[in-house]
Amino acid sequence: MSDIPVYVVANFQVHDKDRYREYEKGFFPILNRHEGQFFTYDDNTVTFEGNAPRTGRMVIFTFPSEAHATAWYKDPDYQALSEHRRAGTHLEFLTMVHGLPPR
């Protein structure tokens, strides 16, 4: 299962744009260090059924494995940087989703 790609999905509302910009500035170098790739974001998601996440930004990025995603999240540089995200946003969730195994 170590070679199954994973996706990280986040939903949050930005309430302090300056603090969030500080987070954005440092995010991509750390993501790249762990072989992560930004996939997309959307500020206007549409929910067809069920309870919609709160309005705000939905972000999706991917890693080659769960180990890569976990190393990214636990990286001390990321944890220090994420204090800007914590201060500048209200996070609904930051979730890892496993991809399909190779067939």
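I began with Val8, which stands opposite Phe61 in S3. Strand S1 (residues 6–14) runs antiparallel to S3, and 7 bridges join them. I took strands (E, at least two residues) and helices (H or I, at least four) as DSSP runs, numbered from the N terminus; two strands pair if DSSP finds at least two bridges between them.

A note on the source: this is a predicted model, where local features need pLDDT of at least 70, side-chain atom pairs count only at pLDDT 80 or more, and totals for chains, interfaces and linings use all residues. Residues are numbered from 1 along each chain as its sequence is written, and side-chain values use heavy atoms, leaving out hydrogens and water.

Next I looked at the other pairing of S3: 5 bridges join it to strand S2 (residues 37–42), again antiparallel. Here Tyr41 has Val59 in S3 as its bridge partner.

Is S3 enclosed or open? Strand S3 (residues 57–63) is largely enclosed by the rest of the structure, because 6 of its 7 residues are buried (under 20% relative accessible area, with exposed over 50%, partly exposed in between, 1.4 Å probe, protein chains only).

Then I turned to Asp77, which I found in helix H3 (residues 76–88). Asp77 counts as partly exposed because its relative accessibility is 42%. Leaving out residues up to four places away in sequence, Asp77 touches Ile30 and Arg33, a contact being heavy atoms within 4.5 Å. I also looked up Gly26, 51 residues from Asp77 along the chain: their C-alpha atoms are separated by 9.2 Å.
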